[in-house]
Amino acid sequence: MERAIIRGGARLCGTVRMSGSKNAVLPVLAASILAGSPSIIREVPRLDDVLTICEVLQSLGARVLFHSGGEIEVDASSVSETEAPYDLVRRMRASFLVMGPLLARLGHAKISLPGGCAIGARPIDLHLKGFEALGARVSLGDGYVKVVSPGLTGQKVYLDFPSVGATENIMMAASLSEGTTFIENAAEEPEIIDLGNFLSNMGAEVRGAGTKVIRIDGRRELHGVDYTVIPDRIEAGTFMVAGAITRGDVIVSNVVPEHLKPVIAKLQEAGARVFEESETQVHVIGPERPQAADFKTLPYPGFPTDMQAQMMALMCVADGTSIITETVFENRFMHVGEMKRMGADIKIEGRSAIVRGSENAWGAPVRAPDLRAGAALMLLGLRAQGITEISGLEHIHRGYADIAGKLRSLGGDIQRVPDLI
Ligand code: UD1
């Protein structure tokens, strides 16, 4: 276990390169088990969640090789196990993404009910509804979900909510099914488009990924491919807020500005100057003091829930009062208690947080309650007066590749030290 020690006050300046997207690479790695031949995945970020999904793939019988350039090769020709162990699935909810591929490839799967960040109940009913529509039988018991099908056939599946994971799981299962599947009210996130491209390259025909209706013409067999995942838009958004909150001057490179529209708009509303310098670079110049701005999290293209905590950190030091409403998850304000320890004035009312900005935050010992919340505490620590000690770094390492090193490269005073407790 480790802690981060941050001495606040430095203006961050310079250029920082973003890693490949965590939320794109996890489904892509899961989808690689649909193929009878090896795939090479490039721009894979070095993250604990990536190691976990690779362990899941290995436990199913896939051969996973880590190349020195950061690529991962997955040979799933020998996959024969259909049970994903409790230990791994408990560690990361996205392990559940192997269910669709296993069901389609081997006709059955048994997966422990998922774990992951403790942000709300996070049911999996929509994933299961999709599998049932394609012809699978679903049963629950002893903490496991079992799905069985002698052969999946394309169907229309309507999602009550545009769940990212359910859309991905159904896309993967449908790609190795008979006939045509339509996913209606599908999630439209950029990671869905990336998975659609990966599946198309493998031989399936996927149309409409990134819109509300996705059409998938399945194939009897899919083949391995060489694929580069998109840059991480949430990591990019986090570093853009880092520039803004420290009155800094930061160029974030290896980004797709199009994916960051709602974050850019909110940063501009808060008084940051943001320039899309090229197709892969965004430049952020922070204001002396941000302005308060209200926002509401929504499925893409709305403001991402995965940026709510980081933007709240900015609002803690803003001039004025902001109302932040979380509509995607029902329990995603766990950072609020920790931010209050750093002097923030925040009141929760139902699904909204009312943040009364104050000129200064101060350093304090805090604990990262989940991945994005942990990053948000780092951001507030960079602005705060004095020293912030953040424990629970393991949450942050699930989703940020060398965040402390990247912040240091911009001039942030942040050290990682072993947690002796
Ligand atoms: C993915 C992202 C996560 C992000 C989230 C929303 C990955 C690995 N993780 O998570 O970082 O915060 O999208 O953008 O890509 N729901 C149901 N039934 C279901 C599935 C979901 O009710 O079967 C609900 C959830 O409880 C939640 C909402 O739908 O309230 C959104 O969940 P979903 O879009 O599925 O998120 P994940 O795929 O888990």
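G141 stands opposite Y144 of β9. This is a predicted model. Strand β8 covers residues 137-141, and strand β9 covers residues 144-148. The two strands run antiparallel. Five bridges join them. Together β8 and β9 make a hairpin, with two residues between the strands. D142 sits in the turn and has a positive phi of about 55°.

## Backbone geometry in loops

Positive phi values also turn up elsewhere. E43 has a positive phi of about 60°, although it is not a glycine. E43 is found in the loop between β3 (39-42) and α2 (48-59). N185 also has a positive phi of about 60° and is not a glycine. Its loop runs between β11 (180-184) and α7 (190-202).

N185 has a relative accessibility of 14%, so it counts as buried. The cut-off that matters here is 20%: a residue under that value is buried.

Y300 and P301 are joined by a cis peptide bond, with omega of about 10°. P301 belongs to the loop between β18 (295-296) and α10.

Helix α10 spans residues 308-316 and is mostly covered. Nine of its nine residues are buried. Among them are Q308, Q310, M311, M312 and L314. A309, A313, M315 and C316 are buried in α10 as well.

Helix α8 covers residues 233-245. It is also mostly covered, with 13 of its 13 residues buried.

At the start, a side-chain oxygen of D232 reaches to within 2.9 Å of the backbone nitrogen of I234. Just after the helix, R247 takes a positive phi of about 55°.

## Ligand site

Which residues come nearest to the ligand? There are 18 residues around the ligand, and D125, L126, S163, D306 and V328 come nearest. By class, the shell has eight nonpolar, five polar and five charged residues.

Two helices each supply at least two residues of this shell: α5 (125-133) and α6 (164-175). The largest share, three residues, comes from α5.

| Residue | Protein atom | Ligand atom | Distance |
|---|---|---|---|
| V164 | backbone N or O | oxygen | 2.8 Å |
| D306 | side-chain N or O | oxygen | 2.6 Å |
| V328 | backbone N or O | oxygen | 2.6 Å |

On its own, the ligand has 740 Å² of accessible area, and the protein covers 86% of that. For V328, a backbone N or O atom is used.

Definitions and conventions. Residues are numbered from 1 along each chain as its sequence is written. This is a predicted model: local features need pLDDT of at least 70, side-chain atom pairs count only at pLDDT 80 or more; totals for chains, interfaces and linings use all residues. Side-chain values use heavy atoms; hydrogens and water are left out. A residue is near a molecule or strand if one of its heavy atoms lies within 4 Å of it. A polar contact is a pair of N or O atoms within 3.5 Å; within protein, one must be able to donate a hydrogen and the other to accept it, and residues adjacent in sequence count only if both atoms are side-chain atoms. Accessible areas come from the Shrake-Rupley method with a 1.4 Å probe; for residues, only the protein chains shown count as cover. Helices (H or I, at least four residues) and strands (E, at least two) are DSSP runs, numbered from the N terminus. Ala, Val, Leu, Ile, Met, Phe, Trp, Tyr, Cys and Pro count as nonpolar, Asp, Glu, Lys and Arg as charged, and the others, Gly among them, as polar. Buried means under 20% relative accessible area, exposed over 50%, partly exposed in between (1.4 Å probe, protein chains only). The expected span of a helix is 1.5 Å times one less than its number of residues. Two strands pair if DSSP finds at least two bridges between them.
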